[in-house]
Amino acid sequence: MHAATLEEIAENGPDAFYSGRIANSIITAATATGSNKALQKRRDYNYLIQNTSDI
């Protein structure tokens with residue numbers, strides 16, 4: 001499962017994680033455990049994506 005997730009991110013970029021199927025799975029799991037984070041909040045968050053060599 002983890003390998004498929006990483007492959008999906010590699011193929012589709014950050015949007016696969018932040019607003020695609022993976023994001024929906026994260027929100028579903030978080031909601032099931034009592035989190036009130038909304039998918040829209042996750043989509044609206046400004047992420048800083050850097051190359052690891054730049055850190």
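Colleague: Which exposed residues does the face of α3 turned away from its buried side carry?

Modeller: In this predicted model, that face of α3 carries Thr28 and Ala32.

Colleague: What makes Ile22, Ala23 and Ile27 the buried residues of α3?

Modeller: The term buried requires a relative accessible area under 20%, and the residues of α3 classed as buried are Ile22, Ala23 and Ile27. They cover an arc of only 135 degrees around the axis, and therefore lie on the same side of α3. An α-helix has 3.6 residues a turn, so residues three or four places apart point the same way.

Colleague: How do you know that the span of helix α3 agrees with its number of residues?

Modeller: The expected span is 1.5 Å times one less than the number of residues. For the twelve residues of α3 (residues 21-32) this should give 16 Å, and the end C-alpha atoms are 17 Å apart, so the two values agree. After α3 comes Gly34, with a positive phi near 100 degrees.

Colleague: Why is Glu8 called buried?

Modeller: Glu8 has a relative accessible area of 19%, and the cut-off for buried is under 20%; Glu8 is therefore buried. Glu8 belongs to helix α1. Leaving aside residues up to four places away in sequence, Glu8 touches Gly13, Ala16, Arg21 and Ile22.

Colleague: Where in the protein chain is confidence highest, and where is it lowest?

Modeller: Confidence is highest in helix α1 (residues 2-12), at a mean of 90, and lowest in helix α4 (residues 39-44), at 62. The protein chain averages a pLDDT of 78, with 75% of the residues scoring at least 70.

Notes:
Residues are numbered from 1 along each chain as its sequence is written. This is a predicted model: local features need pLDDT of at least 70, side-chain atom pairs count only at pLDDT 80 or more; totals for chains, interfaces and linings use all residues. Side-chain values use heavy atoms; hydrogens and water are left out. pLDDT is the predictor's confidence in each residue, from 0 to 100. Helices (H or I, at least four residues) and strands (E, at least two) are DSSP runs, numbered from the N terminus. Buried means under 20% relative accessible area, exposed over 50%, partly exposed in between (1.4 Å probe, protein chains only). Contact means heavy atoms within 4.5 Å. The arc is that of the directions from the helix axis to the C-beta atoms.
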